Amino acid sequence: MSATAVDSLWTTAGGVTSAAPGDKFTAPTIEYAQLAPVLIVVGAAVLGILVEAFVPRRARYTTQVLLTVVAIAAAFAAVVGLAADGYAGENANIAAMGAVAVDGPALFLQGTILLVSMVSVFTFAERRLDPASHGNRVDSFAAQAGSVPGSDGEKAAVKAGFTTTEVFPLALFSVAGMLVFPAANDLLTLFVALEVFSLPLYLLCAVARRKRLMSQEAAVKYFLLGAFSSAFLLFGIALLYGYAGTVSYAGIAHVVDGTVQQIDPALAGTMGNDALLLIGGAMLLMGLLFKVGAVPFHMWTPDVYQGAPTPVTGFMAAATKVAAFGALLRLLYVVLPGLTWDLRPVMWGVAIVTMLGGAIVAITQTDIKRLLAYSSIAHAGFILAGVIAASPEGVSSVLFYLGVYSFVTVGAFAVVTLVRDADGEATHLSKWAGLGRRSPLTAAVFAVFLLSFAGIPLTSGFSGKFAVFKAAADGGAGGLVVVGVVSSAIAAFFYVRVIVLMFFSEPKADGPTVAVPSPLTMTTIAVGVAVTLVLGLAPQYFLDLAGQAGVFVR
């Protein structure tokens, strides 16, 4: 049978008439320059996989670190270039056939994600915290991730000096998904970006070198609950498609506000069905609230934060929140602005239980990583107060808070990696007693981060909280501000308790030591302290920057 006949069969079976000989297929137009930050990171991630396949094992670590750092720096330069060309303002547009928005919020969030990823990668690459094993320096990751914990294969891999350098391309794939997530302009792109950044994180959580079983348990919990939330998100997308007949943000918004121009005959029966809109919107919100760790979708957070390798925990705690809140903002401000009053009571409830739940449960924690996990839940509630403001000031305050919070978080987890005993990281709070006398500088740096989390004046945490609470009050959510202040007061108790434990308790004779890190981790901590102090003492420039970047393209 000829090729023409086969083509005819396909087109007839599909109900498609053959094109006239003169007609030409129109190729999609892709604005590669506007997508450069994402393309650079994806390209580097693919190169990283080829490095694993072809570069000799002894050279992989150096190659991967250099490739990752250069790629992230180049992607950040591309973001700055796009902002300089006006894409954060008057030239903002929709790229990739309507799939990706290139505007102020997208570029601001992408820049934040890339900077946070850069300092996180430095902690991934740290190899001086543990004693050398069989003459080889070791990092936080398993020697051979595929081997059974405690097996002969794992022991042989440790003895041979193997390292899991695959963590670097995995991190790059995750970063690529995070870059697209807050910029997605249709629901399918949103879902694909969610999976692209989530799947590498599930793997990264499972490859801790010490406490392998706890690490693998954390990864399984994260994967199962993440798959569950993705199912809700996908079901919500299906319902919204049934409601609007399109997955594009602008198309759904037109149906919501009644300005739709053309109705698809196949969907005429369901278009405009408010039940589909409300249920689909609620399911979509559930999927995003899971990623930001809001109550009651927070169950995974403490276990995953505790079990994952600490560099991965810092990366995940900071960058994932930035990406997820960016997507949440775009969804509420571009797709569902007409539902502001319908969703407001639900969002109020979620914000209140998240702020209070995170702060109250954190008081009972005895593990520093679990304490920081519940702290991150409380902070998700504070950020939600800015989201609920439903105003340009609300958007800019959330952007500023995300930038502030992400650097403090990565810095705090970097300090946690330094405090070690014979079993690795000493994360039980009792072991931090007297740390200020044993290592005053480390304890002082950690105290700065804790004070910032608590929102004490002259730290970036205070500037961020003040911005979101002011936006919430101006937006008519004064009750949320009262709850937020009460939650902050409760949270201040357990932050100050850790500071008192470090500086006013007697150190134990068999207490942990503070490892001397390489310049990589030192840089991460120094950047965290600098951002905390600079944005606490002189935040106005960065508040203005967030304000200028706070307009979504529609």
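## Terms and basis of the model

On a 1 Å grid over the protein atoms alone, a cavity is a set of points where a 1.4 Å probe fits but cannot get out, whereas a pocket is an open set with protein on both sides within 12 Å along at least five of seven lines; lining residues have an atom within 4 Å of a point. This structure is a predicted model, in which local features need pLDDT of at least 70 and side-chain atom pairs count only at pLDDT 80 or more, while totals for chains, interfaces and linings use all residues. Residues are numbered from 1 along each chain as its sequence is written, and side-chain values use heavy atoms, with hydrogens and water left out.

Helix α15 supplies the largest share, four residues; helices (H or I, at least four residues) and strands (E, at least two) are DSSP runs numbered from the N terminus.

Tyrosine 405, in helix α15, and phenylalanine 453, in helix α17 (residues 440-454), are 48 residues apart. Their rings form a tilted aromatic pair, 6.0 Å centre to centre with 55° between the planes. Rings of Phe, Tyr and Trp (its six-membered ring) pair if their centres lie within 6.5 Å; planes under 30 degrees apart count as stacked, over 60 as edge-to-face and the rest as tilted. Tyrosine 405 counts as buried because its relative accessibility is 4%, where buried means under 20% relative accessible area, exposed over 50% and partly exposed in between (1.4 Å probe, protein chains only). Phenylalanine 453 is likewise buried, at 4%.

## The largest cavity

The structure holds four cavities of 30 Å³ or more, and the largest contains about 70 Å³ of space. It is lined by 13 residues, with Gln34, Leu35, Val38, Val100 and Gln110 closest to its centre. Strand β2 contributes the largest share of this lining, three residues.

The lining of the largest cavity comprises eleven nonpolar residues, two polar and no charged. In this classification Ala, Val, Leu, Ile, Met, Phe, Trp, Tyr, Cys and Pro count as nonpolar, Asp, Glu, Lys and Arg as charged, and the others, Gly among them, as polar.

## The largest pocket

The largest pocket has a volume of about 650 Å³. Of its 24 lining residues, Phe108, Thr112, Leu115, Phe542 and Leu545 lie nearest the centre. Helix α4 gives the most to this lining, with six residues. By class, the pocket lining has 18 nonpolar, five polar and one charged residues.

Phenylalanine 181 lies in the loop between α6 (167-180) and α7 (187-204), and phenylalanine 197 lies in helix α7. Phenylalanine 181 is buried at 1% relative accessible area, as is phenylalanine 197 at 0%.

Phenylalanine 197 is also among the residues touched by threonine 320, together with Met178, Leu201, Lys291 and Phe315, not counting residues up to four places away in sequence; contact means heavy atoms within 4.5 Å. Threonine 320 is found in helix α12 (residues 310-335) and is buried, with a relative accessible area of 2%.

Notes
Points joined across faces, edges and corners; volume = space filled by probe spheres on them.
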